[in-house]
Amino acid sequence: MLFSDFALDPRIGKGIAAAGYCSPTPIQAQAIPHVMLGRDLMGLAQTGTGKTAAFALPILHRLCAGPRGRARALVLAPTRELAEQIRQSFDVLGSGSGLRCAAVYGGVGINPQVHALRRADIVVACPGRLLDHLNRGTANLSGVEVLVLDEADHMFDMGFLPDVRRILKAVPEKRQTLLFSATMPEAIRTLAEETLDDPLTVRAGEIRPVETVAHALCSLRQTDKTPALKAFLRGTDTNSVLVFTRTKHRAKTLARHLVEAGVPSDCLQGNMSQNRRQAAMDAFRNGKIKVLVATDIAARGIDVNLVSHVVNFDMPDTVEAYTHRIGRTGRAERAGFALTLVTGEDEGLVRAVERVLGRRIERTRIPGFTPAQAQAAAAPQPASDFDRPDRRFSGRPGKAPAGRSGGRDTRGSGYGRGGSGSRDARGNGDASQGYGGDGARGGRDSRDGRDARYSESRGPGRGRGGNGPRDGRDRDGRRSDERRRDVRAA
């Protein structure tokens with residue numbers, strides 16, 4: 001099948017040629033004819049299979065006829081990056097149509113968006129910022145003919161359901177509604193029943209990791225992951241590498257470590273301004289940086305060509321998230337490689353991924369790296385007095401040793417008077433109440449920082465003696481009152 005078989009407006013054909021499209025993907029071949037006929041549709045396909053063009057082309061075809069200069073199509077997307085990507089797709093595919101597309105999302109100034117909305121035929125928006133415009137009266141959705149919910153499952157994961165419902169009240173009830181998603185949890189099915197009118201469901205293949213990607217696992221300690229990743233990047237022939245972390249802080253820190261190691265890298269995470277995030281994406285697309293370290297905001301719908309490797313620095317939380325992450329490589333039938341660095345805590349999810357794949361994932365070692373090397377590189381410096389192990393004293397009831405100034409613990413048992421110690425010096429007596437040692441800083445108690453020549457440590461028992469541990473136990477692990485009962489019984 002060719003795109004010419006769809007009988008699209010000739011002006012759209014120019015955009016298809018400019019985008020370099022040759023033949024439609026399975027989801028495009030199934031969805032485009034029905035969308036052109038005005039049917040509501042629910043499209044399911046793996047990420048990276050062309051869902052954007054599956055709704056963009058028939059929308060452009062429809063809008064080529066009719067009035068201009070008002071919002072006639074609305075696309076809702078969960079993230080700024082995806083919204084910007086969809087806008088760019090509309091601009092390229094509709095380059096010969098004269099239709100205008102505006103992207104609306106947070107993190108940037110609102111005034112340029114107000115100006116763009118006045119003339120836009122197509123609006124691509126994140127729910128939160130679009131509601132801001134609706135509340136300000138700077139967005140008019142009364143003329144919307146087609147509504148698209150893209151990456152619907154991700155929108156629900158991010159908690160956008162209430163915002164989506166409010167937006168649905170602002171668009172006409174008589175409209176065409178398209179819902180595209182990589183997965184179909186029960187919440188999405190419920191929304192589809194509420195918003196779609198007799199929808200047609202199209203599915204391109206099973207929702208599972210793409211077949212063109214080779215998978216591998218490397219089992220490591222958490223502290224070994226960063227040096228292991230550096231060794232992998234040094235010893236592997238890579239083009240562009242996406243590295244996924246679980247937290248924003250880790251993405252930022254890991255990218256800095258890679259730059260310090262001489263690897264051209266940047267990060268993409270939620271604390272960055274939109275301009276900074278866009279600059280990182282552009283540098284990655286243009287090949288100025290080799291590695292992009294990202295949180296899952298980049299795992300959904302981000303279109304970066306020729307990503308050769310995806311590395312899960314942290315195992316994702318779900319099989320669906322794993323599918324979305326590795327869907328950044330092996331796109332358009334190209335070969336890709338996905339490496340996941342796992343710890344013992346990830347065993348359950350690894351088995352779940354293997355069930356979806358239908359096979360066992362290869363276990364591998366990273367050339368040029370062994371855990372012993374990481375241990376040697378991270379060997380601690382000689383311990384200071386503060387870091388040395390605790391000194392142990394046997395002690396006996398009624399004769400607790402004095403606390404050692406500057407030490408971490410002074411262990412003993414029985415009744416006695418605690419000596420001077422540092423802020424965290426601790427006696428280990430049976431008694432929980434007694435004279436606290438003068439703290440090394442400002443005369444404060446070593447246990448809780450209060451002024452305390454006559455302070456209390458925590459634990460049962462009574463009498464004068466050294467500060468006890470938090471639970472008031474002796475060296476045998478018994479509480480002081482238990483020990484006294486045993487003595488009386490004897």
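Two exercises with worked solutions follow. The model is predicted, so local features need pLDDT of at least 70 and side-chain atom pairs pLDDT 80 or more, while totals for chains, interfaces and linings use all residues. Residues are numbered from 1 along each chain as its sequence is written, and side-chain values use heavy atoms, with hydrogens and water left out.

**Exercise 1**

Determine how many residues of strand E6 are buried, and which strands pair with E6.

Solution. 
1. Strands (E, at least two residues) and helices (H or I, at least four) are DSSP runs, numbered from the N terminus. Buried means under 20% relative accessible area, exposed over 50%, and partly exposed in between, with a 1.4 Å probe and protein chains only.
2. Of the 6 residues in E6 (176–181), 6 are buried, so the strand is largely enclosed by the rest of the structure.
3. Gln176, Leu178 and Phe180 point one way from E6, and Thr177, Leu179 and Ser181 point the other way.
4. Two strands pair if DSSP finds at least two bridges between them. E1 (41–45) is joined to E6 by 4 bridges and runs parallel to it; Leu44 stands opposite Ser181.
5. E5 (146–149) is also parallel to E6, with 4 bridges; Leu147 has Thr177 as its bridge partner.

**Exercise 2**

Solution.
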